[in-house]
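Have the model open alongside as you read.

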Amino acid sequence: MTATILSQPEVPATDVVFLDSIQFTTTIGSDCWRRPKPQPVLASVYLYLESSFLDACGISDDVKDSVHYGHLAKAVSATVGERERTKKPYAGVHALIQDVTQAAFELAGESAVAVRVVIDLPKQILLASGFSVDVTAPRAKADPAFTPASICVKDLVLPVLIGVNPPERLTRQRVVTNITFYERPCTISESSSISQPQTSEVDYTTIVQLLYEWINSTSYLTLEKLVLELVRACFRMTSPQVDAVTVRCEKPNAISFAHVSGVQMTRRREQVNLTSETE
């Protein structure tokens, strides 16, 4: 529940029309090999509509009384396709989210209260199974630069020397780690000093690589210690733009008759002493 509150602004109870995982390829900054190449993208779009807006379609059974999700899919595809056709690659994920958000608002018109866009880049992080950026933009703040964002690195496999049992002190074991970074919204004064806000995006690909290299020089007895140190490292490696972090670590081999055992922590930047106690 805390993670949800941190990641997105509150949206009132509304009707929702959504598309889950529209698939396409496009160039978004650099890929996992630092090349400006097209990569696979999954885009999910949620239109939060005025309360009871869908009652008309529910009564008439006529899609003309709704926001046609087929038209929404075509609008998103056309927006991204135009970028590819004109050879204007996206500088970063936020630029893509801005385009998709605007296309959704234009289609829905005044009936849209907010638009949520989730972009998944399954090939962006070499050592993880996925990377996603999640932004909900209310109509009053349709520019995603002025809204919070949550960025998730999914199922990152870290080789960690961890455990209290003698065999665990002899070799590193897999720790499956999920990290969610919560970015605060850009202020008006900050945006006025940046001609293209997306160019100031945090480089999460580099951060994950640095975390992997750092973990190889550490060892821990407990998951609790590992998770706290990962939280500290995440804050040290990012700017104050990252306001909070959730780290979840799982040991697949710790308990024989359980799928995994794990620990999760969510901390705001001001709650954490950034100096590692292991240094």
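This is a predicted model: local features need pLDDT of at least 70, side-chain atom pairs count only at pLDDT 80 or more; totals for chains, interfaces and linings use all residues.

**Helix H4**
- H4 runs over residues 93–108, and its 16 residues reach 23 Å from first C-alpha to last, close to the 22 Å expected at 1.5 Å a residue.
- Most of H4 is covered, with 12 of its 16 residues buried.
- Among those buried in H4 are Val93, Leu96, Ile97, Val100 and Phe105, but also His94, Asp99 and Thr101.
- Just past the end of H4, Gly109 adopts a positive phi of about 70°.

**How H3 and H4 meet**
- Helix H3 (residues 69–85) and H4 bring their axes within 9 Å and cross at roughly 140°.
- That angle makes H3 oblique to H4.
- The H3–H4 crossing is right-handed.

**Helix H6**
- H6 covers residues 204–215, and the 16 Å between its end C-alpha atoms agrees with the 16 Å its 12 residues should span at 1.5 Å a residue.
- At the start of H6, a side-chain oxygen of Asp203 comes to within 3.4 Å of the backbone nitrogen of Thr205.
- Thr205 itself is buried, as are Tyr204, Ile207, Val208, Leu211, Trp214 and Ile215.
- The buried residues of H6 pack against strands E4, E5, E6, E7 and E8, plus helix H7.

Technical notes: Residues are numbered from 1 along each chain as its sequence is written. Side-chain values use heavy atoms; hydrogens and water are left out. Helices (H or I, at least four residues) and strands (E, at least two) are DSSP runs, numbered from the N terminus. The expected span of a helix is 1.5 Å times one less than its number of residues. Buried means under 20% relative accessible area, exposed over 50%, partly exposed in between (1.4 Å probe, protein chains only). Contact means heavy atoms within 4.5 Å. A polar contact is a pair of N or O atoms within 3.5 Å; within protein, one must be able to donate a hydrogen and the other to accept it, and residues adjacent in sequence count only if both atoms are side-chain atoms. Axes are lines fitted to C-alpha atoms, for helices over the stretch in contact, and angles run from 0 to 180 degrees between N-to-C directions. Angles under 35 degrees count as roughly parallel, over 145 as roughly antiparallel, 65 to 115 as roughly perpendicular and the rest as oblique. A crossing is left-handed if the near helix is turned anticlockwise from the far one by less than a right angle, and right-handed if clockwise.
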